[in-house]
Amino acid sequence: MKYMLLIYGAQPTEAPSQEDIQAEMNTYWEYEKAVAEAGVSLGSEALQGVETATTVEVRPDGERVVTDGPFAETREILGGYYLLDVPDLDAALDWAARCPGSHNGNRIEVRPIQEFEAP
């Protein structure tokens, strides 16, 4: 079964040091290697900051409205994701707990992928 692990964390209030960035990246590289070696990784990406986001809304009258930034006002931001193919929810939760994105006050939302049969 396919699961999306959505990585949420607080918007940084100050720029981290290069050492902190490297230490964080090292934990992600280790996790990336683990999911690859386990054969469960279907993809993963980090997202650029919310300041680069653009939101599109099409109103009922067909008008397209484009605004800078994310739609929701929130203290947490979506920072990236992992798409995994694992046997069940328990396995997805185990991988989510191992992900660096679930540590240090951050959290991972685990959602099954909805699959549709083409007509």
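Guide: Start with the naming. Helices (H or I, at least four residues) and strands (E, at least two) are DSSP runs, numbered from the N terminus. The model here is predicted, so local features need pLDDT of at least 70, side-chain atom pairs count only at pLDDT 80 or more, and totals for chains, interfaces and linings use all residues. Residues are numbered from 1 along each chain as its sequence is written, and side-chain values use heavy atoms, with hydrogens and water left out.

Visitor: How many helices and strands are in the chain?

Guide: The chain has two helices and six strands. Along the sequence they follow the pattern β-α-β-β-β-β-α-β. The C-alpha atoms fill a box of roughly 50 × 50 × 20 Å, taken along the principal axes.

Visitor: How do I read a sheet? What is the order of the strands in the open sheet?

Guide: Strands of a sheet pair through backbone hydrogen bonds, either parallel or antiparallel. Two strands count as paired if DSSP finds at least two bridges between them. Here, four strands form an open sheet in the order β2-β5-β1-β6, with antiparallel pairing. β2 (41-46) and β6 (107-112) stand at the edges with a single partner strand each, so one side of each has no neighbour in the sheet. From one strand to the next, the twist averages 20°. Such angles run from 0 to 180 degrees between N-to-C directions, with axes fitted to C-alpha atoms, for helices over the stretch in contact.

Visitor: How many bridges join β1 to β5?

Guide: Nine bridges join this antiparallel pair. Within it, Tyr8 stands opposite Leu78 in β5. β1 also pairs with β6, antiparallel, over six bridges. There, Leu5 has Val110 of β6 as its bridge partner. Ser41 has Leu84 of β5 as its bridge partner.

Visitor: Which strands does helix α1 touch?

Guide: Contact means heavy atoms within 4.5 Å. Helix α1 (residues 18-37) packs on the sheet and touches β1 (2-10), β2 and β5. The direction of α1 makes about 25° with that of β5.

Visitor: How far does α1 reach from its first C-alpha to its last?

Guide: The expected span of a helix is 1.5 Å times one less than its number of residues. α1 has 20 residues and reaches 28 Å, close to the 28 Å expected. After α1 comes Gly39, with a positive phi near 75°.

Visitor: Which residues of α1 are buried?

Guide: Buried means under 20% relative accessible area, exposed over 50%, and partly exposed in between (1.4 Å probe, protein chains only). In α1 the buried residues are Tyr28, Tyr31, Ala34 and Val35. They cover an arc of only 115° around the axis, which puts them on the same side of α1. That arc is taken from the directions from the helix axis to the C-beta atoms. The other side of α1 has exposed residues, including Trp29, Glu30 and Lys33. The buried ones pack against β1, β2, β5 and α2 (89-98).

Visitor: Which residues are buried in α2?

Guide: Ala91, Ala92, Trp95 and Ala96 are buried in α2. Their arc is only 140° around the axis, which puts them on the same side of α2. The face turned away from them carries the exposed residues Asp90 and Asp94. The buried residues of α2 pack against β1, α1, β5 and β6.

Visitor: What about the core? Which residues touch the most other members?

Guide: A nonpolar core is a set of buried Ala, Val, Leu, Ile, Met, Phe, Trp, Tyr and Cys residues joined through side-chain atoms within 4.5 Å. The largest one has 17 residues, and those touching the most other members are Leu5, Tyr31, Tyr82, Leu84, Val86, Trp95 and Cys99. β1, α1, β5 and α2 each give two or more residues to this core. Take Leu84: beyond four places in sequence, its contacts include Leu5, Tyr31, Val35 and Trp95. β1 is mostly covered, with seven of its nine residues buried.

Visitor: Is Ile108 buried or exposed?

Guide: Ile108 has 16% relative accessibility, so it counts as buried. Ile108 lies in strand β6. Leaving aside neighbours within four places in sequence, its contacts include Leu5, Ile7, Ala96 and Cys99.

Visitor: How much of the chain counts as buried?

Guide: Of the 119 residues, 25% count as buried. Among contacts with a separation of 6 or more, 75% come from residues 24 or more positions apart.
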